[in-house]
Every structure is written in structure tokens, then in C-alpha cells.
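Please read it alongside the sequence and coordinates shown here.

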Amino acid sequence: MTVIVETRDLTRRYGGMVALNHLNLSIPQGAVYGFIGPNGAGKTTTMRILTTLLLPSDGEAYVAGHSVVRERAAVRRQVGFMPDFFGVYDNMKATEYLDFFAAAYAVPPARRPKLIADLLALVDLSHKQEAEVMSLSRGMKQRLSLARTMLHDPALLILDEPASGLDPRARVELRELLKELRNLGKTIMISSHILTELAEMCTHIGIIERGHLLASGEVAAIMRSLQTHRVFEVHLLPAEGAELETALLQAANLAQAQPHVLEVRPLPQANPPQLQIDFAGDDRAAGALLAHLIAGGVSVTHFAGQVSNLEEIFLRVTAGSAYGGTS
Ligand SMILES: Nc1ncnc2c1ncn2[C@@H]1O[C@H](COP(=O)(O)OP(=O)(O)OP(=O)(O)O)[C@@H](O)[C@H]1O
Ligand SMILES: [Mg+2]
């Protein structure tokens, strides 16, 4: 696995205030890395350091193997940054805006028209190429800003809260766009304080709080490591001529005696009627539980663990440390 971003004890102070505290994170090439944390956690600070806009106070950070302190030009060639705020550009058309930045990135004039047309098409703004930048809607400005980050074809895109202020439809479009960028081979680091915003589009997540990295890794692995308690939902069919309620009670008795089962609730009134099992075992134990039910004569038609969502994980991870914690 190639690592494209790595920080080692990355620390940033503003006066006496520690905004980043010995941050050690790594992002594998090709990942969509969701960087999640509440306001003031240190997300923007980290991103500004990785894009060489800000120097660390201590520690190191590397982008594609280049030090953000000693090899700033090399880092800048690898990174495209979309800041959380879009600057003000009066009397500038979308194409002029991109041309201006392409020039800044030293893209040869002859190559610019096609590059700009391609990028506008990619972010679905071809129809607005002659529009004044300031007349674009917020979502369109975000997409234009995203096009700008790609002018020099960077390997890594760092997007600071790209979804904030977007309506649900624009969010879906952004998600689709990120998928496309990933297919183009880009690694993407994207911040948000809303976990569900990132849930479906990330391969990895890092959770940061008050300058500390609380968790980082593959989404599935983090979910698994935090998943000490799941609720399984079981639907079943009664034997011919038997009552469903009786069948639920029988299944409940079977389940209750099994290892890792904390509590069983037969819910005949639920829609559909079901059994809920609070379960503390791993996947293998869950398989054994299901096998036991079937061996006991229960006609199971549905057996599913409710997977906790990122929001729940976030609350669990930050509980204790977040408010009234140790830092
Ligand atoms: N230029 C600065 N001067 C002083 N303190 C700063 C400066 N920039 C950031 N900070 C402080 O550093 C901490 C981290 O800020 P940062 O902007 O990195 O957080 P964030 O995670 O991006 O938050 P948000 O979700 O609100 O964007 C905050 O406590 C903030 O007040
Ligand atoms: Mg920020």
C-alpha cells in the first residue's frame, strides 16, 4: 500500500493555544479520506499545513514523500486545495477565472482552452462558461472551485468542507463527482463536521477532536472495532397452523440461552412482527446464533444486524473526550 499523506507528531500552536497535538495520520493512495470533527477541531489547520499554506510548529508532514516544510514546491505540484471559502472575484467569467489560475500554475497558453473546457464539462458547468463567477450559485461556485483545484492535475485533492451549504441535490452531485475523480485515480481528503455527509463516499475516516486524532483507518475496520453491541432483527414464519406470536416466543427462548445474547425482545405488534436480539458477539458468533435458531426449527426469513452509522460511531468515539474530556 502506497501512502500519499503522512504526518508525524504534527503539532501546531497559535500563541499558547494548541490547535494540533501530535497528529499521526496516514492516507493510502487512492483513498477517499473523510476528515471529521466538530468546529475548532483542527481540520482546516491540518489541511493548510498539508497544502503548505501554514507551517507546523513541531513534527512533520509528507505529501507523496515530500516534506511540507523543506520541499514546498514539490508538495504544491501534488496537491489541489479547495478552501472552505470562495474568494470574491468581480467582473470575471468562469473561463477567465480558470484561465487566470491555469496561468498561475504555468499551464502553457496553448493547452489552456481545452483543459478549461474539459474541466468545466467534468464539473458540469459548460453551460456557465461565459457567466460571471459572482453570479453563480453557491453549489456552482463550489464546483468551479473544484475545477480550479485540478488545473495542474494533482494526485491529491484536499477539500475543506465542500458540501457545506449545498442543497441535497447538489450534495448528491458532489458525491457523484468525487466518485468520478476517484476513478481518475485521485486521492481525496475531504473534511466535514457532519458524518452522514461522508458516510457513503469515504473508504477511510479520521476523527479529530481538539487537535487529537481519536480514530483513523478504513471505515469498515473502525466500525467493526467500535461495534461491541449490535441489535439483530429476526423475521420468521410460524409453522403451519401455528400462531406467529407463539413462534416468536419459542424463538426468543432459543436465542436467550445462546452465548453473547444480552437481551431478546419478541415484538409481535411490530411491522413486520419480529424478534430483536441485543448481541455482543462477533460475526462468527452471530452465524452460530443463526444456525442455532434454524436447527431449533425456526423458519428464519430475515436476519440482519443493524449496522451503526458513522454518526453513532462519532458520538461514541468523542464521548468522554469531547466535552469535559482530558485535553
Ligand atoms: N489564525 C489563527 N489564529 C489563532 N487561532 C486559530 C487560527 N486558526 C485557527 N485557530 C484555532 O485553532 C483551532 C482549530 O481551528 P481549525 O480552523 O483548524 O478548526 P476546524 O476543525 O477547521 O473547525 P471548523 O469546523 O469550524 O472549520 C481553533 O480553536 C481555532 O480557534
Ligand atoms: Mg475548518
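1. For the classes used below, Ala, Val, Leu, Ile, Met, Phe, Trp, Tyr, Cys and Pro count as nonpolar, Asp, Glu, Lys and Arg as charged, and the others, Gly among them, as polar. By these classes, the shell around ligand 1 divides into four nonpolar, seven polar and one charged residues. The model is a predicted one, in which local features need pLDDT of at least 70 and side-chain atom pairs count only at pLDDT 80 or more, while totals for chains, interfaces and linings use all residues. Residues are numbered from 1 along each chain as its sequence is written, and chains are lettered from A and ligands numbered from 1 in the order in which they are written.

2. Ligand 1 is surrounded by Tyr14, Met17, Ala19, Gly37, Asn39, Gly40, Ala41, Gly42, Lys43, Thr44, Thr45 and His193; a residue is taken as near if its C-beta atom, placed from the backbone, lies within 6 Å of the molecule. Strand 2 and helix 1 (43–50) are the elements that give two or more residues to this shell. Helix 1 gives the most, with three residues. Helices (H or I, at least four residues) and strands (E, at least two) are DSSP runs, numbered from the N terminus.

3. Two backbone points concern phi. Most residues other than glycine have a negative phi, and most peptide bonds are trans. His22, although not a glycine, has a positive phi of about 50°; His22 lies in strand 2 (residues 17–23). His22 counts as partly exposed because it has 15 C-beta neighbours inside 10 Å. The rule is that a residue is buried if 20 or more other C-beta atoms lie within 10 Å of its own, exposed if 12 or fewer, and partly exposed in between, with C-beta atoms placed from the backbone. Ala106 also is not a glycine and has a positive phi, of about 60°. Ala106 is in the loop between helix 3 (94–104) and helix 4 (112–122), and counts as exposed because it has 7 C-beta neighbours inside 10 Å.

4. The peptide bond from Asn271 to Pro272 is cis, with omega near -5°. Pro272 is found in the loop between strand 13 (261–267) and strand 14 (274–279).

5. Pro266 belongs to strand 13 and, with 22 C-beta neighbours inside 10 Å, counts as buried. Leaving aside neighbours within four places in sequence, Pro266 is in contact with Leu248, Leu249, Ala252 and Leu275; contact requires C-beta atoms, placed from the backbone, to lie within 7 Å. The C-alpha atoms of Pro266 and Asn253, 13 residues apart along the chain, are separated by 9.7 Å.

6. Ala61 has its place in strand 5 (residues 58–63). With 23 C-beta neighbours inside 10 Å, Ala61 counts as buried. Not counting residues up to four places away in sequence, Ala61 touches Thr7, Leu10, Ile49, Leu50, Pro56 and Val68. The C-alpha atoms of Ala61 and Glu240, 179 residues apart along the chain, are separated by 66 Å.

7. The axes of helix 3 and helix 5 (residues 138–149) come within 10 Å and cross at roughly 30°, so helix 3 is roughly parallel to helix 5. Axes are lines fitted to C-alpha atoms, for helices over the stretch in contact, and angles run from 0 to 180 degrees between N-to-C directions. Angles under 35 degrees count as roughly parallel, over 145 as roughly antiparallel, 65 to 115 as roughly perpendicular and the rest as oblique. Ala94, Tyr97, Leu98 and Phe101 in helix 3 meet Leu144, Ala147 and Arg148 in helix 5. This contact has six nonpolar, no polar and one charged residues.

8. Helix 3 and helix 4 pack at an angle of about 120°, with their axes 10 Å apart, so helix 3 is oblique to helix 4. Ala94, Thr95, Leu98, Asp99 and Ala102 in helix 3 meet Arg112, Leu115, Ile116, Leu119 and Leu120 in helix 4. By class, this contact has seven nonpolar, one polar and two charged residues.

9. The axes of helix 9 (residues 244–256) and helix 10 (residues 283–295) come within 10 Å and cross at roughly 135°, which means that helix 9 is oblique to helix 10. Ala251, Leu254 and Ala255 of helix 9 make the contact with Leu289, His292 and Leu293 of helix 10. The residues of this contact divide into five nonpolar, one polar and no charged.

Definitions and conventions: Two residues are in contact if their C-beta atoms, placed from the backbone, lie within 7 Å.
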